[in-house]
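Please open the model in your viewer and keep the sequence panel beside it. The stops below say what to select next and what is to be found there.

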Amino acid sequence: MEYYEEPNARVALGLRRPEPGDWYHGYPEYHVERDDDKCIRCLVCVRQCPYDCTFYDPYRHGVYNVHENCVNCRRCEFMCPTSAIRMTKWGAGFRDNDNWKQKTIRTVYKQADSGAVSLTGLGNDREYVSYFDRMVIDASQVTNPSIDPLREPMELRAYIGKKPERHTNPPEVYPNLKAELPVIFAPMSFGAISFNFQRGLAMAAKEAGTYFNTGEGGLHPDLRQYGDHAIVQIASGRFGVSLDYLSNAAACEIKIGQGAKPGIGGHLPGEKVTWDVSRTRMIPEGSDALSPAPQHDIYSIEDLRLLIYGLKEATEYTRPVSVKIAAVHNVAAIASGIVRAGADIVVVDGFRGGTGAAPAVIRDHVGIPVEVALAQVDQRLREEGIRHQASLIAAGGIRSSADVIKGLALGADAFYIGTAAMVAVGCTACQQCHRGRCSWGITTNRPDLAPRLQPEVAAERLTNLLHGWAHEIKEMLGMMGLNSIESLRGNRLKLRGVGMTQVELDTLGIQQAGL
Amino acid sequence: MATEPTLAPAVMEPVVISAAGLSYRHLNEQVRSAIRSGATEITLNDVMGHRYIGTGIHAPGVTIHVNGVPGEDLGAFLDGPHIIVHNNAQDGVGNTMNEGRIEIHGQAGDVVGYGMRGGRILIRGDVGYRVGIHMKGYRDKQPLIVTGGCAGNFYGEYMAGGCQVLLGIGQSDKKPVVGQYCASGMHGGVMYIRGELDGWKLGKEVQQIPLDRHDREFLKPVLEDFCETFAVKEKLLEFDRFVRIAPVSARPYGRLYVY
Ligand code: SF4
Ligand code: SF4
Ligand code: SF4
């Protein structure tokens, strides 16, 4: 196991050169600059760095770095009591070349070193166009007065699930999730994330009146009490899925795909399957937890229907059933099939969504942006007259309340936030989640690292984030002269595009700014 | 919602329900309400492809007899009951089953016992593709599937725990005991296969091992249970005809990735 390895002898000796054949580490990317005058040799940075990068040399009575191991997680910089540390880029890098960038070259080195699949974490980090950033929001002027959210009621509550087609007396009622704001924590499994972080998510979900999602890793016995605020996932590996798991939760979600890695499955390496993870997933300690992409009992929409109704039967039709897919080509047709199969909620996860671990080549090149997927799915379901049969949750790349407002106008009922929730509790987007030694205690269960995040602190910060967004959403609704998110849903007239082609505007179903 | 187990009265007449003309949803509602009112013996007659029989029922000590052919997902998420099918069954028997016992006095379709984590499934005849895939075992919860006949492709794929026994009764040159890609991706648990097994059909993650004393001790009661349940007279206890298949490593893909 990685954690129990002897400290790297090279690090202990402070030798810079990596082992022969390790070209990837031959060129440092970052430089840990330490102001020796300011440094008081407290060794905080030595203890805080989980990446074998910082060491103390008693002979020189100084603190030094093996720079090529540094991933720029900024933990040492954050913790240093005297602000002696400053991260910089290492030198000039390779000769300027827009085609062969540093990252491209280094990835080739890494694979030539190892012959393996290059793994990474978090979300797509490439420069694709962001449609969120090319949409602007309308506001009321003169003829349509805006509303002051501080003095007038604003409705942010989202009912998520199937709605009746028309009003009847008595009304038809279907099981719905009731979220006090249309923001839900994205699926992140215990194992991929630390217990403390998941507990923080659960506490914040309860506090803010929304939901967290267990991911495909089961529900820890200590979190059972948050069942009313839990959406539980059923994926191909069926980890931790039992009758109690299903019936104790607010909703069940069938995971078909993930935006960060459409078409490939989950794989929690054996070293992350600790005692606690093992009992939550109900598998032996130290064994690989394989969750391959295909659920081998689902080869068609009819098979999907079988599982959807199986879950409904198991929960006696008291819970909405959700189906989560990655945003890919033809997503609208797929979503239509899912709704017709009986799903109450469809989650569309865009290609900017995060992951605990994925091959870099897939994270960076597969899938489509959630903005276009969302617009197309909403449009298609409306055209087919089945939009009321399911709610639509957009995921993958929601960074702010502005994205929420824009997504609402494109037709979403609610949103999943994953990376934003991690950043709220300290994540610096260093993309090392797959290595299981997150220096902020978020995506690790290593006993020395996981306690760095305390559940109460996480819960408070997450609740703050949701409150902040809720206020902003109210402000933006008021500024548009609306008093509920219902009035904004699918209201694309409130959006305009800047710097897009006509095809892009048409795909999103919005008009050019100025018109 | 889980059906709460109620204390059964001392004597309760067996409940007989006719499924004729009922949708699966209504049939299953009737089964649940019978269990709630304390029935421990339920017989379902005229079953014609009704899905989800016994699905999501938490009721140890209840026996459900199924006369006719049940539909898909028989006993999915099953938690306790004993289901006896006096006929063939379709796909998805015992999907993600947790506890209980299912007996099929005929053949069963594809994906029997998907992600099963406890209890026992006994099948008299043949089974289809992908039987016992993703089976999990944890501590004292070790699921078991015994198949009397032969199995299709991907038998025990991704198996992570528990045990499968394949007896191959009725196998011949034209009908091999198991299809291709047997045990591919298997990384836990064990399977015992009786009869001729071509090595090339096995996934590369597993190895064949002759039985030892421990295996024989484990298999003996299992085989006796099978013979008794289905009144099988064939001598199954010739252990030299069995081979044990177990994974080489609990971490089949440990060296595939670079950080
Ligand atoms: S944390 Fe700051 S002051 Fe302490 S040893 Fe490191 S650089 Fe020096
Ligand atoms: S703590 Fe992070 S930023 Fe600091 S030296 Fe280690 S890897 Fe680099
Ligand atoms: S969760 Fe941790 S490892 Fe992952 S990107 Fe954030 S700081 Fe880095």
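**Chain B as a whole**

Begin by selecting chain B, which exposes about 10600 Å², with carbon and sulfur atoms supplying 51% of that area. Bear in mind throughout that this is a predicted model. Coloured by secondary structure, chain B shows two helices and 12 strands, and when it is read along the sequence the pattern is β-α-β-β-β-β-β-β-β-β-β-α-β-β. Its C-alpha trace spans about 55 × 50 × 35 Å along the principal axes. A compact globule of 259 residues would have a radius of gyration near 18 Å, and the 19 Å of chain B therefore agrees with that expectation. Of those 259 residues, 59% count as buried, and among the contacts in chain B between residues at least 6 apart in sequence, 45% join residues at least 24 apart.

**A proline in strand S11**

Next, select Pro247(B), which is found in strand S11 of chain B, a strand made up of residues 242-247. Is Pro247(B) buried or exposed? Its relative accessibility is 18%, and because buried means under 20%, Pro247(B) counts as buried. If you display its surroundings and leave out residues up to four places away in sequence, you will find that Pro247(B) touches Met186(B), His187(B), Gly188(B) and Gly189(B), and also Glu205(B), Val206(B) and Gln207(B). For a contrast between sequence and space, draw a distance from Pro247(B) to Val232(B): the two are 15 residues apart in sequence, and their C-alpha atoms are 31 Å apart.

**Chain A as a whole**

Now turn to chain A, whose secondary structure comes to 16 helices and 21 strands. The C-alpha trace of chain A spans about 85 × 55 × 45 Å along its principal axes. With 515 residues, a compact globule would have a radius of gyration near 24 Å, and chain A, at 24 Å, agrees with this.

In soluble globular proteins, nonpolar side chains tend to be buried together. To look at this here, select Phe185(A), Phe197(A) and Leu246(A), which have the most contacts inside the largest nonpolar core, a set of 133 residues. Helix H14 of chain A, residues 455-479, gives the most to this core, with eight residues. Apart from it lies another core, of 51 residues, among them Ile17(B), Val112(B), Ala151(B) and Leu202(B). Then centre the view on Leu246(A) and, leaving aside its neighbours within four places in sequence, show its contacts: they include Val232(A), Ile234(A), Val241(A), Cys252(A) and Leu311(A), and also Phe77(B) from the other chain.

Although Gly490(A) and Gly411(A) are 79 residues apart in sequence, their C-alpha atoms are 3.8 Å apart in space. Not counting residues up to four places away in sequence, Gly490(A) touches Asp378(A), Arg382(A), Leu408(A), Ala409(A), Leu410(A) and Gly411(A).

Which residues come nearest to ligand 1? Of the 14 around it, they are Cys39(A), Cys42(A), Leu43(A), Cys45(A) and Cys80(A), and by class the shell has 11 nonpolar, one polar and two charged residues.

At ligand 2, which also has 14 residues around it, Cys49(A), Cys70(A), Cys73(A), Arg74(A) and Cys76(A) come nearest. The shell around ligand 2 has nine nonpolar, three polar and two charged residues.

Finish at ligand 3, whose surrounding residues include Cys427(A), Cys430(A), Cys433(A) and Cys438(A), together with Leu122(A), Met422(A) and Trp440(A). The shell around ligand 3 has eight nonpolar and four polar residues, and no charged ones.

Definitions and conventions. Residues numbered from 1 in each chain as written. Chains lettered and ligands numbered in written order. Predicted model: local features only at pLDDT ≥ 70, side-chain atom pairs only at ≥ 80, totals over all residues. Heavy atoms only, no water. Near = heavy atom within 4 Å. Nonpolar A, V, L, I, M, F, W, Y, C, P; charged D, E, K, R; others polar. Core = buried A, V, L, I, M, F, W, Y, C linked by side-chain atoms within 4.5 Å. Buried < 20%, exposed > 50% of the residue type's maximum accessible area, 1.4 Å probe, protein only. Helix = DSSP H or I, 4+ residues; strand = E, 2+ residues; numbered from the N terminus. Contact = heavy atoms within 4.5 Å. Rg over C-alpha atoms; globule rule 2.2 N^0.38 Å. Areas by Shrake-Rupley, 256 points an atom, 1.4 Å probe, with all protein chains shown as cover.
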